[in-house]
Amino acid sequence: LGLGIFGLFFSLGSRTPVHGVCYRLIPGMKVLRAPSQFAFIIAFSAIVMASYALDKFVDNIKNNKAVYFKYLKYILIAVIVFSFIFLLAPESILNIWVKVFYSSISEQKHQVMLQNISEITKGLLIIIFIAGITLILTVFKERRKIGVLSIFIIFTVLVLIDTWRVDKKFLRYIEITRNISEPPKIPAYEYIKNTDKSYFRVLPYHAYRRGDVRFSYKGISMITGFADFTLKRYDDILKRITRFGTINLLNARYFVSDVELKLKGFDEIYRQNNLIVYKNNSAYPYFYMAHRVILEKDEDKILNIIADGKLDLTKSPVIEEDAPDFFNVNVSKEDTTKDVLENLTNDVIALNKTDKFKVKVKSGKPGFLVISDNYHPGWQAYIDGKKTKVYRANYVWKGVFFEPGEHIIAVSYTHLTLPTN
């Protein structure tokens, strides 16, 4: 019971302090999608408690069958009545639930909830059907007109039918030789692919403003499109996507919109089939080096710095740990060595295979290379073949400090638990 109550409060997220405490104090809680597992904890707790109740019911029914049959009938009737009440006024009941448990729900989510009333109704009809069958069997059992084995067989058949009802959409057999048709090409995105071969990201504003955060296009790296698989910090950034500082940090070089946009620093470069491509001239590059960093450990302050957009984070990236000693050494102002940054990575960004990067840097000063790709503890970095530390840069990205001179910096991802070849 305690585990189930804990899981319930945890699942309510920021509406109770439970989630925040667990997120900060329990090791591994920050791992992607781990919180969703608490749905299973709630279900597991409910199953265990139901098993204990059933066991107790079976033990006691032998001594006082009439009382336990009576309570079982009351429970089943209550379930049926509540379900019928919900069916009579589903929207009103859902609105009451929102006011009590989820007053901060966004209008978009509220509309999605209301759009799913038909699915909730189907579920309640199934509950009414099963509860009704159980009530009838209970009456028959009480009058000794049916045996335990018959009840077991009936419920087994019901479970199998319901399981098939849910799973049939996922159990379709498909001939592997069939031709898989390519999705239709969108001229606006084809234009971007054909005219810009460098590394960049795109904001599909035409989809984003409709709430379609899953929109993707083959060969294009989007700043959205990850949905439930978004890392927590990247999700924090996306919540501030309407701020220009955030847009620039995310390397959003292009906007694809279905409405006219009048934005400073944006140029219209293409228009066809109701879609307009705008180029963001202030977008940060995918790779950049700096000779100055800002140390800030407060996450909220970093997010405010990014969203504000007044500070050029390509020249002064924000880090959350102390820089190595060599980076703080004064360098002669007479040094005239020109900075060089050359991307040696194969063209795999557009194919979403960004598990390896290789960059050549040259500078007369100590530097900090920033790669506009999500930081994760699984990333490993090597400077001229020697392993070095990967730092978190600008809240979401990763970076590597290097000493003066010419270096090859290689960064690759290694899974923390699974072996790799």
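Arg144 lies in the loop between α7 and α8; helices (H or I, at least four residues) and strands (E, at least two) are DSSP runs, numbered from the N terminus. The structure is a predicted model, in which local features need pLDDT of at least 70 and side-chain atom pairs count only at pLDDT 80 or more, while totals for chains, interfaces and linings use all residues. Residues are numbered from 1 along each chain as its sequence is written, and side-chain values use heavy atoms, with hydrogens and water left out.

**The protein as a whole**

- The secondary structure comes to 13 helices and 15 strands.
- Of the 421 residues in the protein, 34% are buried; buried means under 20% relative accessible area, exposed over 50%, and partly exposed in between (1.4 Å probe, protein chains only).
- Among contacts with a separation of 6 or more, 65% are between residues 24 or more positions apart; contact means heavy atoms within 4.5 Å.

- Arg144 has a phi near 60°, a positive value in a residue other than glycine.
- With a relative accessibility of 72%, Arg144 counts as exposed.
- Asn251 likewise has a positive phi, of about 65°, although it is not a glycine.
- Asn251 is placed in the loop between α12 (244–249) and β2 (252–257).
- Asn251 counts as buried, at 0% relative accessibility.

**Packing of helices**

- Two packed helices are described by the angle between their axes and the distance between the axes.
- Axes are lines fitted to C-alpha atoms, for helices over the stretch in contact, and angles run from 0 to 180 degrees between N-to-C directions.
- Helix α7 (residues 117–142) packs with helix α8 (residues 148–167) at an angle of about 175°, and their axes are 11 Å apart.
- That angle makes α7 roughly antiparallel to α8; angles under 35 degrees count as roughly parallel, over 145 as roughly antiparallel, 65 to 115 as roughly perpendicular and the rest as oblique.
- On the α7 side, the contact is made by Ile126, Phe129, Ile133, Thr134, Leu137 and Lys141; on the α8 side, it is made by Val148, Ile151, Ile154, Phe155, Leu158, Asp162 and Arg165.
- The residues of this contact of α7 with α8 divide into nine nonpolar, one polar and three charged; Ala, Val, Leu, Ile, Met, Phe, Trp, Tyr, Cys and Pro count as nonpolar, Asp, Glu, Lys and Arg as charged, and the others, Gly among them, as polar.
- Thr134, which lies in helix α7, counts as buried at 16% relative accessibility.
- Leaving aside residues up to four places away in sequence, Thr134 touches Leu76 and Phe155.
- The axes of helix α1 (residues 2–11) and helix α2 (residues 17–25) cross at roughly 95° and come within 7 Å.
- Helices α1 and α2 are therefore roughly perpendicular to each other.
- Phe6, Phe9 and Phe10 in α1 meet Val18, His19 and Cys22 in α2.
- The contact of α1 with α2 consists of five nonpolar residues, one polar and no charged.

**Aromatic rings**

- A search of the whole structure finds 19 aromatic pairs; rings of Phe, Tyr and Trp (its six-membered ring) pair if their centres lie within 6.5 Å, and planes under 30 degrees apart count as stacked, over 60 as edge-to-face and the rest as tilted.
- Tyr199 and Phe287 form a tilted pair, 5.9 Å centre to centre with 55° between the planes.
- This pair links distant parts of the chain, 88 residues apart: Tyr199 is in the loop between α9 (187–195) and β1 (201–203), and Phe287 is in strand β5 (residues 287–290).
- Tyr199 is buried, with a relative accessible area of 8%, and Phe287 is buried as well, with 10%.
- The rings of Trp379 and Tyr413 have centres 5.6 Å apart and planes at 70°, so the pair is edge-to-face.
- Trp379 lies in strand β11 (residues 379–383) and Tyr413 in strand β15 (residues 405–413), so this pair ties together parts that are 34 residues apart in sequence.
- Trp379 counts as buried at 7% relative accessibility, whereas Tyr413 counts as partly exposed at 32%.
- Tyr199, Tyr286, Phe287, Phe357, Trp379 and Tyr413 form one aromatic cluster.

**Charges over rings**

- The charged end of Arg233 sits over the ring of Tyr395, 4.3 Å from its centre; a charge sits over a ring if NZ of Lys or CZ of Arg is within 6 Å of the ring centre and within 35 degrees of the ring normal.
- The charged end of Lys389 sits over the ring of Tyr391, 5.2 Å from its centre.
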